[in-house]
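Please look at the sequence and the 3D structure below, and keep both in view while reading the report.

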Amino acid sequence: MSEDSSVISLFDNSVFLIDNPKNPARKILATKNLTPGHSFYGETLVVNKFQGQRVEFRSWDPFRSKLSAAILNRLKSFPFTPGAHCLYLGASTGTTVSHLSDIVGTEGRIFAVELASRVARELLENVVKYRKNVIPIIADAKHPEKYTTIYGGVGAVYCDVAQPDQTEIAIENCRMYFDKNNPGQLFLVVKASSIDSLKSKKLVFSDQVEILERAGYQVLEQIDLEPYDKNHAMLIASPMN
Ligand SMILES: C[S@@+](CC[C@H](N)C(=O)[O-])C[C@H]1O[C@@H](n2cnc3c(N)ncnc32)[C@H](O)[C@@H]1O
């Protein structure tokens, strides 16, 4: 972590905590805007000095993005480095995708999979049109063999499809697309009620850990997303060999 007066950098200058003029006690999580002047979902643009330069940041709302909530809840793993290739399942209209696009930068790629055509249209219009590093894949994440535009392996798979079998979907996508020589990390967003609305949240989360372990994964972190989100947890796992 390095500091430059009002800006604190996290994960090697990938994500930032910046001063909040309206509430000095609570800093704003943000990414460097890859497309200055352009916001995507009503997020605030803040210009601040960082390492001697004027930088435009985009605020990253933890109530709208579970990855932002996980970072504020002390996430440690962060494979989303500049130049990284990531497979993102359940891109929706691109809220979180747009911040990952900021982070991986022009040399990186976010392969963004979305099934619902209406939502995918918004992703194309609002995000893909402005950001060359987001490659849209309008497809069902249950059939990763049908994606045609992924080249090379990816260093991270982010899965937020809110489906009962999402852990199995995520594992199959990792099997197909992780870099074989250098397997990456799986970020699995678990929505307890989508998996089993009758079981307690705690039990649903531990069931998913068991499925991952049976598939040969080591669970590195389990992050509860409260107070930003009451019903989700984030599991970070990587293959054991
Ligand atoms: C909870 S939303 C994702 C929110 C998004 N990750 C974000 O943070 O901005 C879940 C998305 O997954 C998509 N989805 C559900 N099942 C899917 C599948 N089998 N393949 C691809 N996308 C799917 C839904 O259409 C929806 O847009």
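The report goes from the domains to the sheet, then to the helices and to one residue.

This is a predicted model, in which local features need pLDDT of at least 70 and side-chain atom pairs count only at pLDDT 80 or more, whereas totals for chains, interfaces and linings use all residues. Residues are numbered from 1 along each chain as its sequence is written.

**Domains**

The protein is divided into domain 1 (2-59) and domain 2 (66-239), with bounds that come from an automatic or database domain assignment. Taken over C-alpha atoms, the centres of domain 1 and domain 2 are separated by 24 Å. The contact between them takes 15 residues from domain 1 and 18 residues from domain 2, where two residues are in contact if their C-beta atoms, placed from the backbone, lie within 7 Å. On the side of domain 1 that touches domain 2, the largest share, three residues, comes from strand E4 (residues 28-32). Helices (H or I, at least four residues) and strands (E, at least two) are DSSP runs, numbered from the N terminus.

Four of the five residues of E4 are buried, so E4 is largely enclosed by the rest of the structure. Here a residue is buried if 20 or more other C-beta atoms lie within 10 Å of its own, exposed if 12 or fewer, and partly exposed in between, with C-beta atoms placed from the backbone. E4 pairs in the antiparallel sense with strand E3 (residues 15-18) over three bridges, and Phe 16 has Ala 30 in E4 as its bridge partner. E4 also pairs in the antiparallel sense with strand E6 (residues 53-59), again over three bridges, and there Thr 31 stands opposite Arg 58. Two strands are said to pair if DSSP finds at least two bridges between them.

**The seven-stranded sheet**

Seven strands form an open sheet in the order E9-E8-E7-E10-E11-E13-E12, and the pairing is mixed. The edge strands are E9 and strand E12 (217-224), each of which pairs on one side only. From one strand to the next, the twist averages 20 degrees; axes are lines fitted to C-alpha atoms, for helices over the stretch in contact, and angles run from 0 to 180 degrees between N-to-C directions.

Strand E10 (residues 156-159) pairs in the parallel sense with strand E7 (residues 85-89) over four bridges, and four bridges also join E10 to E11, with which E10 runs parallel. The table lists residues that stand opposite each other in these pairings.

| Residue | Opposite residue |
|---|---|
| Cys 86 | Ala 156 in E10 |
| Cys 159 | Leu 188 in E11 |

Which way do the residues of E10 point? Ala 156 and Tyr 158 point one way from E10, while Val 157 and Cys 159 point the other way, and all are buried.

**Helices**

Helix H4 (residues 166-177) lies across E7, E10 and strand E11 (185-191), and runs at about 160 degrees to E10. Helix H3 packs on the sheet as well, touching E8 and E9, and its direction makes about 165 degrees with that of E9.

The buried residues of H3 are Ala 120, Leu 123, Val 127 and Val 128. Seen down the axis of H3, these buried residues fall within an arc of 70 degrees, so they line one face of the helix; the arc is that of the directions from the helix axis to the C-beta atoms. The face of H3 turned away from its buried side carries the exposed residues Arg 118 and Glu 125. The buried residues of H3 pack against helix H2 (95-104), strand E8 (109-114) and strand E9 (134-138).

In H2, 10 of the 10 residues are buried, so H2 is largely enclosed by the rest of the structure. H2 is followed by Gly 105, whose phi is positive, near 70 degrees.

Not counting residues up to four places away in sequence, Lys 191 touches Ala 162, Asn 231 and His 232. The C-alpha atoms of Lys 191 and Asp 160 are separated by 8.5 Å, although these residues are 31 residues apart along the chain.
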